[in-house]
Amino acid sequence: MKRLAIALNDANPILIRQIQRNLNCIPTSSRGRIFDAVASLLDICQEVTFEGEAAILLEAAARASSDTATYKLEWANSKCLIAEILADRKKNVSTATIARRFHAAVANAMLTACQSAHEVTGLTAVGLTGGVFQNGLLLELAIPRLEAAGFTVYTHHVVPANDGGLALGQAVIAGLR
């Protein structure tokens, strides 16, 4: 069980200093952890009891908004994103709107990452896989952006996008050996 406890009251300046100083900020390559963090910041989920719970609740909150704005998100540095979310919290922007803007930011960051990869490799095929792509809203936001930019997008239809698909792939490789 993971515990995310971030106070959204007067502790915000402390949190901001912690992020600015990179104090106790554990690096991860998992996109799911940023969904966990944002769900915590929005007081949607402070303690997860199953994998993906915070992201599921965050997606549900985001679906309650039709806001079209977004935040800035760079995969290598999420500090701007967190600062923007905290600023909107301070301005009493609704949780649903912030959650929606976060999802749009993730979709935009995916597009930027794919465009950067395309510049280096010339590839135009994109496979959306991993647990984060069980998020229907993220797919709804990302796929049109990617297709409009000329990418062919592949998603899961039979095998799950999460660890179940990974396990199946590992079993197939082991079977071939």
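This is a predicted model: local features need pLDDT of at least 70, side-chain atom pairs count only at pLDDT 80 or more; totals for chains, interfaces and linings use all residues.
Residues are numbered from 1 along each chain as its sequence is written, and side-chain values use heavy atoms, with hydrogens and water left out. Local features need pLDDT of at least 70, side-chain atom pairs count only at pLDDT 80 or more, and totals for chains, interfaces and linings use all residues.

Helices are DSSP runs (H or I, at least four residues), numbered from the N terminus. Helix α2 spans residues 32–41, and helix α3 spans residues 53–62. The two pack at an angle of about 60°, and their axes lie 8 Å apart. Axes are lines fitted to C-alpha atoms over the stretch in contact, and angles run from 0 to 180 degrees between N-to-C directions. The angle makes α2 oblique to α3. Here, angles under 35 degrees count as roughly parallel, over 145 as roughly antiparallel, 65 to 115 as roughly perpendicular and the rest as oblique. From α2, Phe35, Asp36, Val38 and Ala39 meet Ala54, Ala55 and Leu58 of α3; contact means heavy atoms within 4.5 Å. These residues divide into 6 nonpolar, no polar and 1 charged.

Helix α3 also packs against α5, at an angle of about 110° with axes 7 Å apart. The two are therefore roughly perpendicular to each other. On the α3 side, the contact is made by Leu58, Glu59, Ala61 and Ala62. Helix α5 contributes Ala96, Ala99, Arg100, Phe102 and His103. This contact comprises 6 nonpolar, 1 polar and 2 charged residues.

The largest nonpolar core has 44 residues. Such a core is a set of buried Ala, Val, Leu, Ile, Met, Phe, Trp, Tyr and Cys residues joined through side-chain atoms within 4.5 Å. Phe35 and Leu146 have the most contacts inside this core. At least two core residues come from each of α1 (12–21), α2, α3, α4 (79–90), α5 (95–121) and α6 (136–148). Helix α5 gives the most, with 10 residues. Not counting residues up to four places away in sequence, Leu146 touches Met110, Leu111, Cys114, Val126, Leu128, Phe151 and Val153.

Ile56 is found in α3. At 47% relative accessibility, Ile56 counts as partly exposed. Buried means under 20% relative accessible area, exposed over 50%, and partly exposed in between (1.4 Å probe, protein chains only). Ile56 and Val132 are 76 residues apart in sequence but 9.8 Å apart in space, C-alpha to C-alpha. Thr97 is found in α5 and counts as buried at 14% relative accessibility. Thr97 touches Ser65 and Asp67, not counting residues up to four places away in sequence.

Note on methods. Ala, Val, Leu, Ile, Met, Phe, Trp, Tyr, Cys and Pro count as nonpolar, Asp, Glu, Lys and Arg as charged, and the others, Gly among them, as polar.
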